[in-house]
Amino acid sequence: MTKLKILVVAGDGIGPEVTGEAVRILRSVAELGGYDFQISEALIGGVAIKQQGTPLPAATLSAALESDAVLLGAVGGNEFNSLTPDKRPEAGLLQLRQALGGFANLRPAFAFPALSSNSPLRPEVIEGADILFVRELLGGLYFGEPRQWDRASNSAWNTMRYTRDEVVRVARVAFELASMRRKKLTSVDKANVLEVSQLWRATVTELAPQYPGVTLEHQYVDACAMHLMNTPRNFDVVLTENLFGDILSDESAVITGSLGMLPSATIGGKVNLYEPVHGSAPDIAGKGIANPLGAILTAAMLLRHSGNLEQEAQAIETAVRKVLEQGHRTADLVRAGETPLSTQEMGKLVHQSVNEIIDRHQAMHAV
Ligand SMILES: NC(=O)C1=CN([C@@H]2O[C@H](COP(=O)(O)OP(=O)(O)OC[C@H]3O[C@@H](n4cnc5c(N)ncnc54)[C@H](O)[C@@H]3O)[C@@H](O)[C@H]2O)C=CC1
Ligand SMILES: CC(C)CC(=O)C(=O)O
Ligand SMILES: [Mg+2]
């Protein structure tokens, strides 16, 4: 029997709202499949600062390290904006990522046919677009030392630093995933001006002969940002460093129709970390209107990568597609004149649909 110890760190803003819907579905998958999912919760981010004075309490960190998978909502909030980065809710997430050790953040972004009119891009541009970002998650500017805001000299600096080994390990993940997909890898950098990008490009190029079935191309990040919007179908797997991947994956929400649609999984470390791509969305938090589909699709990635439950992962993905095809939309996806569903209403519809798909599958196999 599949056993999974899942730690849920819902965090701030819409984090608890959207993870609530993902967890409801995970519990249901466990019940229908007879799996043993032990799901517990812990504090992270702004809520942890308020209750315990730190964005990543020791109890959260140890519970995370003892889990098979961590499901995160989002962290951050406007009330923390005046704090220095090391004290902010986001620091808790960066510390957690570092401790869990996952360095390859997989961020799929693809066009849902039912949402083609939600994208400002023309339907013929996005139709069939299916991109997998492999974003390096433990290096670059977010972690590089030195970092400082020196008020005396009115200057500030961060450091983008990578070692060859750090590039090799994430590039291997990207090459391998590309070889299982459409066999094209686009490595994104800024090698025309940054030494760190020259190391990145040289390292990726050096690995390429080990993956003869994969076509490798390089793009500068500025041009890539434009190509993603003009010709998204030309991309298969996109490999990039931490900051560039953060930006390009949010940009690619335009292909899908909403940032609220995008899931992610971080693999390669001691414990995999699963989080939707979006943040805590303070502008809509507490209203019950956030789109839970990114978080729900994140739960599907958790079942696939940590539970080896491919069938259940696909059941969730199919349910999301179906509910969208039936015309159901949260506020971020409605068009003029349409009535939006609440977060919970959308979650319940997907939940129902997942149950029906799994029930049907079980009935077929019982015959
Ligand atoms: N993984 C994480 O915990 C992340 C945290 N953040 C933090 O979140 C806070 C807010 O950052 P923003 O730049 O506003 O980014 P954001 O991703 O929270 O929101 C950007 C825009 O997208 C909308 N949006 C995001 N998720 C949505 C959803 N599920 N349904 C409907 N609409 C959605 C928001 O309403 C907002 O208009 C900041 O403190 C930031 O540092 C940002 C990104 C990732
Ligand atoms: C630490 C996070 C706030 C950075 C981010 O935006 C992300 O990982 O998507
Ligand atoms: Mg981001």
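Residues are numbered from 1 along each chain as its sequence is written, while chains are lettered from A and ligands numbered from 1 in the order in which they are written. Since the model is predicted, local features need pLDDT of at least 70 and side-chain atom pairs count only at pLDDT 80 or more, whereas totals for chains, interfaces and linings use all residues.

Helices (H or I, at least four residues) and strands (E, at least two) are DSSP runs, numbered from the N terminus. An open sheet with mixed pairing is formed by 10 strands in the order E2-E1-E3-E12-E11-E4-E5-E10-E8-E9, where two strands pair if DSSP finds at least two bridges between them. Strand E2 (36–41) and strand E9 (215–220) stand at the edges with a single partner strand each, so one side of each is left without a neighbour in the sheet. On average, neighbouring strands of this sheet are turned by 25° against each other, direction ignored; axes are lines fitted to C-alpha atoms, for helices over the stretch in contact, and angles run from 0 to 180 degrees between N-to-C directions.

Within the sheet, E5 and strand E10 (residues 237–240) run parallel and are joined by 4 bridges, and Val134 stands opposite Leu239 in E10. Helix H9 (residues 242–251) packs on the sheet, where it touches strand E4 (104–110), E5, E8 and E10, and its direction makes about 150° with that of E5. Contact here requires that the C-beta atoms of two residues, placed from the backbone, lie within 7 Å. Helix H7 (residues 195–207) lies across strand E8 (184–189), E9 and E10, and runs at about 160° to E8.

Most residues other than glycine have a negative phi, and most peptide bonds are trans. A cis peptide bond, with omega about 0°, joins Glu145 and Pro146, and Pro146 lies in the loop between strand E5 (130–136) and strand E6 (148–150).

Asn154 counts as exposed because it has 7 C-beta neighbours inside 10 Å, and exposed means 12 or fewer other C-beta atoms within 10 Å of a residue's own, with C-beta atoms placed from the backbone. Asn308, with 11 such atoms within 10 Å, is also exposed.

Around ligand 2 are Glu90, Leu93, Leu94, Asp246 and Val277, a residue being near if its C-beta atom, placed from the backbone, lies within 6 Å. Helix H4 (residues 89–100) gives the largest share of this shell, 3 residues.

Technical notes. A residue is buried if 20 or more other C-beta atoms lie within 10 Å of its own, exposed if 12 or fewer, and partly exposed in between; C-beta atoms are placed from the backbone.
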